[in-house]
There are 2 protein chains.
Amino acid sequence: MASTDRQRRANTIAMLGQAYSLLGFKIVDGVVGAGYPQKPSHSAVFAQIKREGSRLTDLAKGANMTPQSMGELVAELVELGYVERRPDPTDGRAKLIVLTERGNACIDAGETTIRGLEDQLTEILGKRGHAQLRTLLTKLLAEG
Amino acid sequence: MASTDRQRRANTIAMLGQAYSLLGFKIVDGVVGAGYPQKPSHSAVFAQIKREGSRLTDLAKGANMTPQSMGELVAELVELGYVERRPDPTDGRAKLIVLTERGNACIDAGETTIRGLEDQLTEILGKRGHAQLRTLLTKLLAEG
DNA sequence: AAAAATAGTAAGGTACCCCTGATATTCAGG
DNA sequence: CCTGAATATCAGGGGTACCTTACTATTTTT
């Protein structure tokens with residue numbers, strides 16, 4: 001991803017990138033550090049999967065990738081013990097990808113990590129500043 | 001990079017990532033669209049290289065990678081006609097990586113693209129909001 | 001002048017992330 | 001019940017972005 005800066009004042013986009021890089025890695029580190037090893041791409045599953053379980057195809061669509069690729073991610077998560085494949089009672093072709101207990105615990109660890117980082121943000125920016133940042137980003141993403 | 005979300009309210013870090021992803025790709029698209037093909041990783045060079053030229057080792061340090069990896073990036077940029085390797089007159093071991101005319105033009109295109117995107121940000125967030133965002137990010141990066 | 005450090009190059013490897021193509025099974029409509 | 005679409009999976013491939021190890025050429029140190 002280009003920042004293509006070299007200017008004296010960093011551009012806003014480069015700053016966004018640096019901020020994300022800084023904090024994003026801390027999430028993975030936090031979750032992995034809490035005893036839940038995983039690869040960054042796995043979050044594509046964790047971010048979408050429903051409590052009742054999700055179909056592979058739906059996960060793939062949601063993550064904007066092929067079912068084959070998603071299948072590979074799921075296979076890794078099965079290997080790691082975070083999800084299981086179960087036959088879908090409503091469709092013999094389909095399988096439901098469901099979180100195991102450990103999978104749910106992993107998500108909890110992720111949410112805890114994120115909450116901790118949000119708290120750090122509040123410390124750095126102040127309650128007001130943090131809220132402002134969120135408002136601005138929301139606006140930006142709505143229009144972008 | 002994990003967002004590990006699934007919450008109703010998106011977390012701030014995920015939003016930072018989305019915003020960066022959105023805008024970062026627009027930079028590359030803009031520069032490439034202006035007739036300067038390149039890969040995202042190349043910005044690691046463009047972002048650092050000095051007008052007088054830079055040494056490979058320095059570029060590598062600045063981008064936090066090995067000289068070998070940086071050497072590869074530089075080789076690609078030489079291929080694309082953006083930089084040249086010249087012997088460093090002050091040290092027979094070293095070479096200076098210097099921008100060609102085309103390389104400078106490419107940087108100019110990048111800066112133009114970024115300026116355009118910054119203007120868009122101002123439109124979306126307002127002059128005040130844009131300034132606030134920059135202030136908040138600056139603070140965040142200083143502490144992080 | 002010999003030894004040690006530094007600059008760069010060369011060759012090969014790894015992790016990650018995603019793709020295409022082909023196949024088996026099941027479902028849904030005519 | 002036949003056929004076309006959908007679901008998942010197997011097999012194989014490829015690109016990006018890095019790394020390690022090993023080497024040569026040059027400079028600096030002793």
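Predicted model: local features only at pLDDT ≥ 70, side-chain atom pairs only at ≥ 80, totals over all residues.
**View 1. Helix 4 of chain A, end to end.** This helix runs through residues 67-80 of chain A. Its 14 residues should span 20 Å at 1.5 Å a residue. The end C-alpha atoms are 20 Å apart, which agrees. After the helix comes A:G81. The phi of A:G81 is positive, near 85°.

View 2. Buried here are A:M70, A:L73, A:V74 and A:L77. Seen down the axis of helix 4 of chain A, the buried residues fall within an arc of 100°, so they line one face of the helix. An α-helix has 3.6 residues a turn, so residues three or four places apart point the same way. On the other side of helix 4, A:Q68, A:A75 and A:E79 are exposed.

**View 3. The cover over helix 4 of chain A.**

**View 4. Helix 5 of chain A against helix 1 of chain B.** Helix 5 (residues 101-143) of chain A packs with helix 1 (residues 12-33) of chain B at an angle of about 45°. Their axes are 9 Å apart. The angle makes helix 5 of chain A oblique to helix 1 of chain B. The crossing is left-handed. From helix 5 of chain A, contact residues include A:I114, A:L117, A:L121 and A:R134. From helix 1 of chain B, they include B:I13, B:M15, B:L16 and B:A19.

Definitions and conventions:
Residues numbered from 1 in each chain as written. Chains lettered and ligands numbered in written order. Helix = DSSP H or I, 4+ residues; strand = E, 2+ residues; numbered from the N terminus. Expected span 1.5 Å × (residues − 1). Buried ≥ 20, exposed ≤ 12 C-beta atoms within 10 Å, placed from the backbone. Arc of directions from axis to C-beta. Axes fitted to C-alpha atoms, helices over the stretch in contact; angles between N-to-C directions. Parallel < 35°, antiparallel > 145°, perpendicular 65-115°, else oblique. Left-handed = near helix turned anticlockwise from the far one by under 90°. Contact = placed C-beta atoms within 7 Å.
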